[in-house]
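This report goes through selected local features, sheets and packing in one protein model.

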Amino acid sequence: MRGAPTILHLDMDAFYASAEQAAKPSLRGKPVIVGGLGPRGVVATASYEARVFGVHSAMAMAQARRLCPNAAYLTPRFSLYRQVSDAVMALLADLSPLVEPLSLDEAFVDLEAGGVPATAGAALAVGERLRADIVAATGLTGSVGLAGSKMLAKIASERAKPDGLVLIEPGTERELLGPLTVRTLPGVGPATAEALRRAGITTVAETREAGEEELVRLLGKAHGASLYVMACGQDDRPVVAERDAKSVSVEDTYDVDLTDRTRVQLEVARLADRCVRRLRGAGRSGRTVVLKVRRYDFSTLTRSETLRGPTDDPAVVREAAARLLEGVDTTAGVRLLGVGVSGLADYTQEDLFAQAAQAAQAAQAAHEAQEAQEAAGGTGEAGGTPEPALAALEDDEGADRPRRWLPGCDVRHAEFGAGWVQGSGVGRVTVRFEEPWSRPGRVRTFAVDDPALEPADPLPLLRPAESDADAPAEDEGRGEGRELHQGQPVTSRP
């Protein structure tokens with residue numbers, strides 16, 4: 001472990017919710033909760049105003065509604081979040097060639113690899129400049145932790161939240177870690193924490209005092225030895241710039257259990273297509289197709305099929321997923337379906353074109369058979385109009401171009417301009433017309449099939465080509481906030 005604070009950890013503050021507040025002036029300073037809005041949805045991010053009521057990430061949305069009924073509940077808009085994330089990651093890349101993204105809103109940076117002197121003063125200067133640059137580029141805030149290891153840098157950024165910076169000085173690691181819960185240490189999940197609790201170990205200090213031998217006895221050689229080193233404040237994990245994905249997958253959880261076999265087959269085919277789009281977007285192909293089925297009783301089955309070579313052909317993946325589904329009983333009900341591809345490669349095996357041709361021929365034959373049935377007066381479940389629930393998002397970015405008017409999604413009206421959906425029901429949709437740089441806008445209601453109302457792409461959070469001098473007065477002072485004082489964040493604003 002390096003003693004000097006050469007590792008930076010950035011964590012954007014309540015990222016999804018903060019982006020929504022920045023995009024929607026009427027929601028600033030109010031509780032905002034982003035996530036799945038169905039009965040089985042979960043919270044992706046809650047704004048700090050909502051966290052006061054006890055709402056947090058991964059909480060069931062139904063519970064969040066009970067705790068904070070007056071919050072704005074919004075559908076995620078991943079294309080917007082990716083745009084903001086790309087801007088932030090570009091700023092990090094300017095600091096160092098070694099940037100390890102953990103998610104859209106979180107990353108480690110090795111400052112030493114970027115030529116930053118291994119001193120507290122230099123690290124602090126970089127951290128403060130980064131925070132200011134993020135505000136200037138996105139209008140959002142992030143918290144920065146600086147330390148000599150990844151573990152301590154992440155702990156520092158947590159202590160800095162929201163909108164702050166904390167540096168952990170060399171030599172203070174043990175004192176800082178001692179009173180923290182053992183769950184703070186990397187690799188300690190609920191099962192490990194429970195095993196330690198039964199042995200009377202709940203804090204990092206107690207973990208260290210237990211000794212390596214006792215931890216090995218409780219957790220096994222590899223896990224126990226690693227945990228002891230972490231408890232002593234040592235973490236030699238390097239910042240890894242390229243983390244090669246081992247698989248690509250997509251899955252959906254359904255508000256109501258699926259029992260109709262045709263519906264399940266249609267969903268699997270749709271998920272296969274989404275998976276391939278994501279696979280191609282990453283410039284990869286894969287050899288093994290995986291089907292995931294979670295049944296009504298929460299039991300989960302996975303089935304896989306390995307092809308003759310890697311592919312990125314949607315027909316091949318659909319056919320493989322359909323074959324895997326044939327061996328799974330879904331009559332009692334399905335609450336989740338997923339399709340994935342593993343065994344990734346950077347090329348596609350030529351002989352798989354034959355498989356694709358066969359799949360296309362099979363699909364054409366099925367289509368001709370269906371047309372013949374309809375001509376004969378038959379209905380055919382697969383030939384009818386899909387159920388309303390099938391008008392779901394086609395992919396992650398589909399949250400911005402919904403077929404239903406989902407709360408939070410962007411729209412544009414021929415007369416009133418840009419706005420976002422506040423809610424819909426009984427044939428009506430309510431829209432608030434405002435832009436990220438405008439004042440809170442007016443609310444209007446339309447018929448859901450109003451031809452003047454259309455889905456739209458997200459607007460940028462900052463007015464295009466807007467100079468600092470033209471920025472709205474209410475944004476002045478954004479990004480000011482916390483400064484380092486003896487390893488603790490100190491608020492410099494009222």
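P162 sits in the loop that runs between α6 and β8 (165–167). Helices (H or I, at least four residues) and strands (E, at least two) are DSSP runs, numbered from the N terminus. The peptide bond between K161 and P162 is cis, with omega about -10°.

Helix α6 itself covers residues 150–160 and is mostly covered, with eight of its 11 residues buried. The buried residues are K150, M151, L152, A153, I155, A156, S157 and A160. Buried means under 20% relative accessible area, exposed over 50%, and partly exposed in between (1.4 Å probe, protein chains only).

## Basis of the model

The model is predicted: local features need pLDDT of at least 70, side-chain atom pairs count only at pLDDT 80 or more, and totals for chains, interfaces and linings use all residues. Residues are numbered from 1 along each chain as its sequence is written, and side-chain values use heavy atoms, with hydrogens and water left out.

## Positive phi values

Most residues other than glycine have a negative phi, and most peptide bonds are trans. A58, which is not a glycine, has a positive phi of about 75°. A58 belongs to the loop between α2 (48–51) and α3 (61–67), and A58 is exposed, at a relative accessible area of 64%.

V426, also not a glycine, has a positive phi of about 45°. The loop between β14 (417–425) and β15 (428–433) contains V426. V426 is exposed, with a relative accessible area of 86%.

## The five-stranded sheet

Five strands make an open antiparallel sheet, ordered β16-β15-β14-β13-β17. Two strands count as paired if DSSP finds at least two bridges between them. At the edges are β16 (442–447) and β17 (453–455), each pairing on one side only. On average, neighbouring strands of this sheet are turned by 40° against each other, direction ignored. Axes are lines fitted to C-alpha atoms, for helices over the stretch in contact, and angles run from 0 to 180 degrees between N-to-C directions.

Three bridges link β13 (residues 410–413) and β17 in the antiparallel sense; R412 has E454 in β17 as its bridge partner. The loop between β17 and β18 (482–485) holds R463, which is partly exposed at a relative accessible area of 40%.

Strands β10 (residues 285–295) and β12 (residues 334–345) run antiparallel and are joined by 10 bridges; V293 has L337 in β12 as its bridge partner.

Contact means heavy atoms within 4.5 Å.

## Nonpolar core

The largest nonpolar core has 39 residues, and those with the most contacts inside it include L8, L92 and L146. Such a core is a set of buried Ala, Val, Leu, Ile, Met, Phe, Trp, Tyr and Cys residues joined through side-chain atoms within 4.5 Å. Helix α4 (residues 78–95) supplies the largest share of this core, eight residues. Apart from neighbours within four places in sequence, L92 is in contact with L10, V99, A107, V109 and L130.
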